[in-house]
Amino acid sequence: MPADLHTHTNFSDGSFSPDELVAEAKKVGLNYLAVTDHDTVDGFRYLYENGLYPAKGLKIIPGIEISANHPEHDVHIVGYNIDIYDAHLSEMINEIAESRWTRFSEIIKNLQENKFNIREAEVLQAAGASRSVGRFHIARVLVKNGAFKTVREAFDKMLGKGQPAYAKRYFPEINDVIETIHSAGGQAVLAHPKLVGDDNLVEEICKRVDAVEVYYPCHTAEDVQKYKSLASQYNLKLTGGSDFHGLSSRFVNALGEFTIPDELAEQFFQGDND
């Protein structure tokens, strides 16, 4: 059976609730699932605190995807098997969350100054349970309001780096993210290395992490071989996933559309929740 070790719920910028994600994973025949919400563990905490983890028939790996600071490139580090109640991790998450709120208000103000009819309240309503309210939620509202045809267009023309509504926010340093994941008992993974956009930077990060996301929807066969070689060079585990967001997914339309073999997921699974 297949596995997917990169997914999101509506506690960050996904459209599926945690229980809906688990149900869909079972429906499409996944054996392993990692819940890796952006900058929050609230989605996994919901599963745990509502008796939905462990889950019969599905091996679930607790995770998180943290955006790290770099002046030129987007660097995301995934953590597997983190302690969701770890004090240092919670401190980092809270600091990120506070910066998101400040940035959120700045982006809305920038949009309004550019004559877009959008209000904070409607974005918050669209975000629902998410504590990680951000550009994807804003983009969805812009699309709903007819300002853009797609979320990607909203980013390309208004919300992305260098665009009129863009606003900077706090990101923890790459080393701090990796160390915090390790201190929380987890394994640090470099997410979607191709999207980093700098192979020299990718190699530097590979010297500090435990695994690299070799298998990813936008990675070509050539990319896969390149990152497999890099993983071998630094003795890293291989992982992968769809980066499933539900209705807002960039590269897949459905859970189960992009998967990795069970034997890769087994390396990261701890315990028995079948």
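Modeller: Let's start with a handy word: a residue is buried when its relative accessible area is under 20%, exposed when that is over 50%, and partly exposed in between (1.4 Å probe, protein chains only). Do keep in mind that this is a predicted model, where local features need pLDDT of at least 70, side-chain atom pairs count only at pLDDT 80 or more, and totals for chains, interfaces and linings use all residues. Residues are numbered from 1 along each chain as its sequence is written, and side-chain values use heavy atoms, with hydrogens and water left out.

Biologist: Thanks! Is Y216 buried or exposed?

Modeller: Y216 counts as buried, because its relative accessibility is 1%. F148 is buried as well, at 9%, while F251 is partly exposed at 33%.

Biologist: How many aromatic pairs does the structure hold?

Modeller: There are 11 aromatic pairs. Rings of Phe, Tyr and Trp (its six-membered ring) pair if their centres lie within 6.5 Å; planes under 30 degrees apart are stacked, over 60 edge-to-face, and the rest tilted. F116 and F148 are stacked, with 5.7 Å centre to centre and 20° between the planes. This pair links distant parts of the chain, 32 residues apart: F116 is in the loop between α3 and α4, and F148 in the loop between α5 and α6. For Y216 and F251 the centres are 5.5 Å apart and the planes at 75°, so that pair is edge-to-face. Y216 sits in the loop between β6 and α10, and F251 in the loop between β7 and β8, 35 residues apart. Ring pairs also link F44, Y48, Y53 and Y85 into a cluster.

Biologist: Which residue lies over the face of Y32?

Modeller: That is K59, at 5.6 Å from the ring centre. K237 lies over the face of F268, at 5.4 Å. The rule asks for NZ of Lys or CZ of Arg within 6 Å of the ring centre and within 35 degrees of the ring normal.

Biologist: You mentioned β6. How many of its residues are buried?

Modeller: Four of the five residues in β6 (211–215) are buried. Helices (H or I, at least four residues) and strands (E, at least two) are DSSP runs, numbered from the N terminus.

Biologist: And which strands pair with β6?

Modeller: Strands pair if DSSP finds at least two bridges between them. β5 (187–190) runs parallel to β6 and is joined to it by two bridges, with V189 partnered by A211. β7 (237–240) also pairs with β6 in the parallel sense, over four bridges, and there Y215 stands opposite G240.
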